[in-house]
Amino acid sequence: MSYSVRFTEEAEADLLRLYDFLLEQDPHSTELAQRALSRIAQAIELLKQFPFTCRKVLGHNPYLRELVISFGAAGYVALFEIEPDDIVTILAVRHQRESDYH
């Protein structure tokens, strides 16, 4: 079974925020920010085949899950929901050192 993946506006805004943060760290190079986005995109590709392998967020809701994405010393976490009609919706993306989703 193959799932299609879509992003909410909030999740797209999260990606831009994370990208901008990395650009602020080194304004003369986009390399780190590009590598981070590439790693996030690569990890999200796995959701097209295996969304149920990711950890549950709430014990009573098997469809709300988190994808842990390693990158450097920490990484990112993508909150997503598995919906009917084989759709995975990315709800939010945050850095692992952030306290919660925005």
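## Residue T89

In this predicted model, a polar contact of 2.9 Å links the side chain of T89 to the side chain of R6. T89 belongs to strand β5. With a relative accessibility of 5%, T89 is classed as buried, because buried means under 20% relative accessible area.

Apart from neighbours within four places in sequence, T89 has contacts with R6, T8, L79, F80, E81 and E83.

## The sheet

Five strands form an open sheet in the order β1-β5-β4-β3-β2, and the pairing is mixed. At the edges are β1 (4–7) and β2 (55–58), each of which pairs on one side only. On average, neighbouring strands of the sheet are turned by 40° against each other, ignoring direction.

Strand β4, made of residues 74–83, runs antiparallel to β5, and eight bridges join the two. F80 has I90 in β5 as its bridge partner.

## Helices on the sheet

Helix α1, covering residues 9–25, lies across β1, β4 and β5, and runs at about 30° to β5. Helix α2, covering residues 31–45, also packs on the sheet, where it touches β1, β3 (61–71), β4 and β5. The direction of α2 makes about 145° with that of β3.

## Residue E98

E98 is found in the segment that follows β5 (87–95). Its relative accessible area is 18%, so E98 counts as buried, the cut-off being under 20%.

The side chains of E98 and R17 are joined by a polar contact of 3.1 Å. Not counting residues up to four places away in sequence, E98 touches R17 and L18.

Conventions: Residues are numbered from 1 along each chain as its sequence is written. This is a predicted model: local features need pLDDT of at least 70, side-chain atom pairs count only at pLDDT 80 or more; totals for chains, interfaces and linings use all residues. Side-chain values use heavy atoms; hydrogens and water are left out. Helices (H or I, at least four residues) and strands (E, at least two) are DSSP runs, numbered from the N terminus. Buried means under 20% relative accessible area, exposed over 50%, partly exposed in between (1.4 Å probe, protein chains only). A polar contact is a pair of N or O atoms within 3.5 Å; within protein, one must be able to donate a hydrogen and the other to accept it, and residues adjacent in sequence count only if both atoms are side-chain atoms. Contact means heavy atoms within 4.5 Å. Two strands pair if DSSP finds at least two bridges between them. Axes are lines fitted to C-alpha atoms, for helices over the stretch in contact, and angles run from 0 to 180 degrees between N-to-C directions.
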